[in-house]
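This report looks at how two chains meet, and then at the build of one of them. Please keep the sequence and the structure in view while reading.

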Amino acid sequence: MNNWEYSESIESEKIVNIEKKYGNFIDGKFVTPKSKQYIDTISPSTEKILSSISIGNQQDVDYAVASAKEGLKKWSKTNPSERAKYLFKLARLIQERSREFAVLESLDGGKPIKESRDFDLPQVAQNFFYYAGWADKLDISWGNEQYKPYGVVGQIIPWNFPLLMLSWKVAPALATGNTVVLKPAETTPLTALLFAELCEEVGLPDGVFNLVTGDGSTGSHLVNHKDIKKIAFTGSTGVGKYIQKSLAGRDVGLTLELGGKAANIVYSDAALDEAVEGVVNGIFFNQGHVCCAGSRLLVQEDIEEKFIKKLEKRMQTLNVGNPLDKNTDVGAINSKDQLDKIEKLVNEGVADGGDLFQIECELPKNGFWFKPSLFTSVQANYKIATEEIFGPVLTTLTFRTPEEAVEIANNTEYGLSAGIWTEKGSKILWTADRLEAGVIWANTFNKFDPASPFGGYKESGFGREGGRHGLLSYLKVSS
Amino acid sequence: MTDIKKTYKNYVHGKFVRSESGKVYSIDLKEEKYEIPLTSKKDLRDAVTSSKEGFKNWNQLTMYNRSQILYRLSEMIEGNKDSYISLLQDHGLSKLDSKNDINNAIDTIVWYAGLVDKWEQLTGNLNPVAGEYFNISHQEAIGVTFTLSPNSMSLDELVKSILPALTVGCSVINFSDENAVIALKLSEDVNNSDFPSGSLNLLSGKFENIIEDVGGHVEIKHAAIYEDISKKSKEVLGQKGSESVKRISLIPSTSGLSSIIPFIETKTVWHPKGK
């Protein structure tokens, strides 16, 4: 095999203008945090400090919630078609400045520019565009029943798709007439802060969108705030359970989008080369920092050897390295903490008896990196087969019959997504009917669209984001 | 001639059973006094086992078949209308109010019977994604559902706390307290309507005795509470429920399409289009 190297093609960092320090965005303006506490946000690919952000405390959250309450008075009197226009304008501004957003996202989060530029940002803009159009059609969205917004909504989002998760949360919440207090993840706050600038630019009424940066303690203040009417959370199942427990007994709406351990089922009658592409995309997209990642490869026994060989060959062509290089397929692990978790689970997998294949590649000296990895000879009870690794690590299990495939696929407390690879239509439908998962990709994987509802069964959470169904997460039946 | 009095029992897996504990509580009506089962934690667990099988049995049937079973329930109640009216009168309702309530209950059941094979056309849809994909969202029943009926002396309100979940394919464990005689009487007509075993179980007792188990039992996928329970009870249910990310609905809607939405999961399936 020819070993032709790609020449570097680095996207310039100069396009982004990062402040040394950021406050919160409350009541339509950036304000100095009352907590006076800051932490650095770094680039996980270089460990270089990018900026420092505030850790919001109780007072900061109080201020933001009070502002959202005031904002609600204006927002609820704003004509729905006017609400739509604000969101359309935001979509347009995001499109115009998408290159800047993409570079910032890759710098702060470590994901390849190819993904932030070609996936995250187009989806973010489309998501605002999509929900803008619903704002003045709520009365016909779900029959003639009377739905109304919750009011002040608290939203807590993760670090894997920082701006995309913001758009999944903020666009439908505002379209349905709620006002928002958003807390981004502490490792990836920068694109949310830039988004706040856009809200100022489009003249969104003060208090409609509020942003408080911080860590888990800030999130906890938000969840426990007495004036919050609904919490929307995306993150780990552990934290999701904690939030559900905290809200027990209170009249607060809740939607949770939690972890996953998706089965990607490859039947022996699948188009194998396409399946290999899908399996690779399913687990190595965004370094595997994807709640719906196809992290369990279920391959039919008679094609295992052939399939694994093809898969390893394809994996070896993945470019790992500088997220700002346009040729990069797999970027940096988002944080030291996450890298430690991945390493720990992979070491346990080896100790348990799994066979580990890792691609040969040189990793940058600084930053957090993990080689794309594949486990074979795995037993169903190994931790690597049951726990969410949230990294570029694929675990292989085998099956003989479709019934067995379904049984293994469903044998998890999670139920977010699943994949099916076969050329037989009836088998796709048979399998899809039996899989306990909110999103099922057949002969494809990791496809997303603002019009397509996303969300889990079982302990992967409840509620849907995206599509007409996503509206229900921000509306309640008026009594 | 001496009148004989009926002993009301729990209805589990198509059988009329006493509480395994042997415990009862009294419901003292105008004319009659009934000693009915005080459901224990073990009874609840047994009902869940039954309901798990019931979920499979109920879902094996076509929507058309399920629709006819619900319709048959309304036929059964129609045939026994007088006995329901006199039972409600014994609960303190006037004859007219009793009659109206039974008629309303029949109308409610007929409405849901007709919805069984239609709701998915109202809640599911193709999604117009930006690409060459077939993308459809359809719905499935969440699974074993526990419902606490409201304490009102009303057959109509009772069936409204059972039918939304049953309509979409959940198996239901219905729990009644002060209105339990009405629920246990209903079980006789349920028994005559061809419901598969375990698809609908009816229990009586005190909710506080089993609340922790309703919250903590991982096989109960959804708890729908149609009675206004105390803040403390909500806390216990919510805290125990959070351990398995249980779906919990407090005072869900009892009319229209919104009444069934808490009981469904949306499944979205993608497939590429091509040649």
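## The contact between the chains

In this predicted model, 32 residues of chain B are in contact with 36 residues of chain A. On the side of chain B that touches chain A, the elements giving two or more residues are strand S6 (133-141), helix H10 (231-242) and strand S12 (264-272) of chain B. Of these, S12(B) provides the largest share, with eight residues. By residue class, the side of chain B that touches chain A comprises 11 nonpolar, 14 polar and seven charged residues.

## Overall build of chain A

Chain A has 15 helices and 21 strands, and its C-alpha trace spans about 65 × 50 × 35 Å along the principal axes. Its radius of gyration is 22 Å, which agrees with the value near 23 Å that a compact globule of 479 residues would have.

Of the 479 residues of chain A, 58% count as buried. Where contacts in chain A join residues at least 6 apart in sequence, 72% of them join residues at least 24 apart.

## Two domains in chain A

The domain assignment divides chain A into domain 1, made of residues 13-258 + 458-477, and domain 2, made of residues 263-442. The centres of these two domains of chain A, taken over C-alpha atoms, are separated by 30 Å.

Between the domains of chain A, 21 residues of domain 1 are in contact with 26 residues of domain 2. Helix H3 (98-109) and helix H4 (113-134) of chain A are the elements that give two or more residues to the side of domain 1 that touches domain 2. That side of domain 1 of chain A divides into five nonpolar, eight polar and eight charged residues.

Chain A contains an open sheet of three strands, ordered S1-S5-S4, in which the pairing is mixed. Its edge strands, each of which pairs on one side only, are strand S1 (21-22) and strand S4 (38-42) of chain A.

S1(A) pairs with strand S5 (residues 49-54) of chain A in the parallel sense, over two bridges. Here the bridge partner of Tyr22(A) in S5(A) is Ile53(A).

Notes
Residues are numbered from 1 along each chain as its sequence is written. Chains are lettered from A and ligands numbered from 1 in the order in which they are written. This is a predicted model: local features need pLDDT of at least 70, side-chain atom pairs count only at pLDDT 80 or more; totals for chains, interfaces and linings use all residues. Two residues are in contact if their C-beta atoms, placed from the backbone, lie within 7 Å. Helices (H or I, at least four residues) and strands (E, at least two) are DSSP runs, numbered from the N terminus. Ala, Val, Leu, Ile, Met, Phe, Trp, Tyr, Cys and Pro count as nonpolar, Asp, Glu, Lys and Arg as charged, and the others, Gly among them, as polar. Two strands pair if DSSP finds at least two bridges between them. The radius of gyration is taken over C-alpha atoms; the globule rule is 2.2 Å times the number of residues to the power 0.38. A residue is buried if 20 or more other C-beta atoms lie within 10 Å of its own, exposed if 12 or fewer, and partly exposed in between; C-beta atoms are placed from the backbone. Domain bounds come from an automatic or database domain assignment.
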